[in-house]
Amino acid sequence: MDKKETENNKRKAFWQLHISVMLAGFTGLFGKLITLNEVDIVWYRMLFTSLILVVFTGLPRVGWKKFLQISGCGALLGLHWMLFYSSIKASNVSIGVVCFALVGFFTAIFEPIVFRRKVSWAELLLSLITVAGLLCIFSFDARYRYGIAIGVVSSAVCALYAIFNKKVSVGVRSRTMLMYQMSGGIVGVSLIIPLYLMVFPSQQPVVVIPEGSNLWWMLCHALFCTIGMYLLQIQALKQLSAFTVNLTYNLEPCYTILLAFLFFGEARELNLSFYVGISLVILSVLLQTRRTGTH
């Protein structure tokens, strides 16, 4: 392969990567556009994604123990999604995705426990900048405090999902992992839902069959923001380093907030303390990725 072809492949991979990040940025918007309860959104997202993946990948064989581990990761992912959409519906898209930035803070706490290694105080201290940013955002309007609290819990669950997903995915193809996370996760999520509704009572009907615009948005959500995003990421990783991919994914909250400004006019709802808070969040991300890049 000559130098020009290599450069073209890398350029294509960067486009694939940025498109996947933008698709991830649309997740919060779909959570706002779909008027169903967050429980229904997550359940149907997993169902539609599973059905689409089965058509393209079939049913690859995995052992029962591995299947149960993958399904457990899928259940954690489903719980994170439910809390994430609940946070958006209780506040707005911008706040929901900013709370997502706390994943790094919770990972710095949980990962040493799961993998039985020493706590990285540098990671923890850098992550506290994110917490300071969230505290600024938390105080800007009492209307959104409940949504922010749910968003914080959502980020903690997401951190656990990412840690266990890393542990379980060893030796499993990416598409197989995604397919069994979605299909097995449906069972786990179905068991979680009654308890979830006890803790977070719904103001909307539950177990609603999507129709009309909700059905359309749900299908788009599964196809583009789950399957499309994931497969583009796999393609980009063939040409780019994992660090480059992870670094670029830190732009996801920024993409989501810009899209929320564009489609929902959320800039009218936010004031100076929000912008100070999100600046601290972005600063913490830059410092963490700079530190990672020097090792």
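Tutor: Buried here means under 20% relative accessible area. The model is predicted. Cys 220 has 8% relative accessibility, so this residue counts as buried. Cys 225 is buried too, with a relative accessible area of 1%.

Now the pairing. A disulfide needs two cysteine sulfur atoms within 2.5 Å. By this rule the chain has zero disulfides. Cys 220 is in none, and the nearest cysteine sulfur, in Cys 225, lies 8.7 Å away. Seen from Cys 225, the closest cysteine sulfur is that of Cys 220, at 8.7 Å, which is too far for a bond.

Next, the setting. The chain has 12 helices and zero strands. Of its 295 residues, 46% are buried. Among contacts with a separation of 6 or more, 89% join residues 24 or more positions apart. The chain exposes about 15100 Å², and carbon and sulfur atoms supply 68% of that area.

Helix H1 spans residues 3-33, and helix H3 spans residues 64-90. Their axes come within 9 Å and cross at roughly 65°. The crossing of H1 and H3 is right-handed. On the H1 side, Thr 27, Gly 28, Gly 31 and Lys 32 make the contact. On the H3 side, Phe 84, Tyr 85, Ile 88 and Lys 89 meet them. The residues of this contact divide into three nonpolar, three polar and two charged.

Back to the cysteines: Cys 220 and Cys 225 are buried, and Cys 220 is in no disulfide.

Conventions: Residues numbered from 1 in each chain as written. Predicted model: local features only at pLDDT ≥ 70, side-chain atom pairs only at ≥ 80, totals over all residues. Heavy atoms only, no water. Helix = DSSP H or I, 4+ residues; strand = E, 2+ residues; numbered from the N terminus. Buried < 20%, exposed > 50% of the residue type's maximum accessible area, 1.4 Å probe, protein only. Contact = heavy atoms within 4.5 Å. Areas by Shrake-Rupley, 256 points an atom, 1.4 Å probe, with all protein chains shown as cover. Axes fitted to C-alpha atoms, helices over the stretch in contact; angles between N-to-C directions. Left-handed = near helix turned anticlockwise from the far one by under 90°. Nonpolar A, V, L, I, M, F, W, Y, C, P; charged D, E, K, R; others polar.
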